[in-house]
Amino acid sequence: MKENARKDQKQLLLVDDDPNLILLVKDYLEFRGYEVLTAENGREALEVLEHQVPDMIICDVMMPEMDGYTLVEQIRQDSKVSWIPVLFLSAKGQSQDRVKGLSTGADVYMVKPFEPEELVAQVESSLKQANRLIRHSKGVEVGHKIKVPENVELTPTERKVVQLVAQGLANRDIAIKLEVSQRTVESHVSNMLNKTSLHNRTELARWAIESNMA
């Protein structure tokens, strides 16, 4: 039973240069059942992400060495972690600050000081939304694993495309993100369907998720 609980435990990465906030928020989130990794700035966070892929990132905006904006921009450019929900914490509460944070790539923008209960509610909401997207990408049937030939090899570009397909992006959106034509994306998807003997994008997304490519 304990093993299953540990397996289901969500992992969060908390990034902030304030040791007191790190201590308080980490303790509260762990009390609520989350595993919490920490980093003092964006540079340290990227080092953590080289070895760990958390379910969500909670990040301060203003930090030394690398601020939250730069961190999120780099995360969104890395297909391995680009899908991770990001919650910004900031002392700046003006509308233009919120707009900048969300347009940079954050999913949620919270202003300091905040109530711990509100933070947990936002975390749970973001994780549920991410889970819905994953379930949608997997398709309605999740009972059996997708089977493909064992010797399937994807090109680096095909891997990027299939990771974005698994995130629920349409071919048009993938084309914009990768700065290629929609026809090029369609060609990559078609090639991957042929290689894997799968029937559609939903099965392709499920295979990517089940193979830990997304």
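The sheet is open and comprises 5 strands in the order E2-E1-E3-E4-E5, with parallel pairing; two strands are taken to pair if DSSP finds at least two bridges between them. Helices (H or I, at least four residues) and strands (E, at least two) are DSSP runs numbered from the N terminus. E2 and E5 stand at the edges, each with a single partner strand, so one side of each is left without a neighbour in the sheet. Direction ignored, neighbouring strands of this sheet are turned by 20 degrees against each other on average. The model is predicted: local features need pLDDT of at least 70, side-chain atom pairs count only at pLDDT 80 or more, and totals for chains, interfaces and linings use all residues. Residues are numbered from 1 along each chain as its sequence is written, and side-chain values use heavy atoms, with hydrogens and water left out.

Strand E1 (residues 11–15) is joined to strand E2 (residues 35–39) by 5 bridges, and the two run parallel. Within this pairing, Gln11 has Glu35 of E2 as its bridge partner. E1 is also joined to E3 by 4 bridges, again in parallel, and here Val15 stands opposite Cys59 in E3. Together with helix H2 (residues 19–31), E1 and E2 make a right-handed β-α-β unit. A crossover is right-handed if, with the strands pointing away from the viewer, the path from the first strand over the helix to the second runs clockwise.

A salt bridge is counted where a side-chain nitrogen of Lys or Arg lies within 4 Å of a carboxyl oxygen of Asp or Glu. By this rule there are 9 salt bridges. One of them is formed by the side chains of Glu65 and Arg43, at 2.6 Å from N to O. This pair links distant parts of the chain, 22 residues apart: Glu65 is in the loop between strand E3 (56–60) and helix H4 (68–76), and Arg43 is in helix H3 (residues 42–49). Relative accessible area (1.4 Å probe, protein chains only) defines buried as under 20%, exposed as over 50% and partly exposed as in between. Glu65 is exposed at 61%, and Arg43 is partly exposed at 33%.

Lys112 forms a salt bridge with Asp60, with the closest N and O atoms 3.2 Å apart. Lys112 lies in the loop between strand E5 (108–111) and helix H6 (116–138) and Asp60 in strand E3, so the pair ties together parts that are 52 residues apart in sequence. Lys112 is partly exposed, with 21% relative accessibility, while Asp60 is buried at 5%.

In a further salt bridge, the closest N and O atoms of Glu158 and Lys195 are 2.8 Å apart. Because Glu158 lies in helix H7 (residues 156–166) and Lys195 in helix H9 (residues 182–196), the pair ties together parts 37 residues apart in sequence. Glu158 is buried at 3%, and Lys195 is partly exposed at 33%. Salt bridges that share partners also join Asp16, Asp60 and Lys112 into one network.

The axes of helix H8 (residues 171–178) and H9 come within 8 Å and cross at roughly 110 degrees. Axes are lines fitted to C-alpha atoms, for helices over the stretch in contact, and angles run from 0 to 180 degrees between N-to-C directions. H8 and H9 are therefore roughly perpendicular to each other (angles of 65 to 115 degrees; under 35 counts as roughly parallel, over 145 as roughly antiparallel and the rest as oblique).
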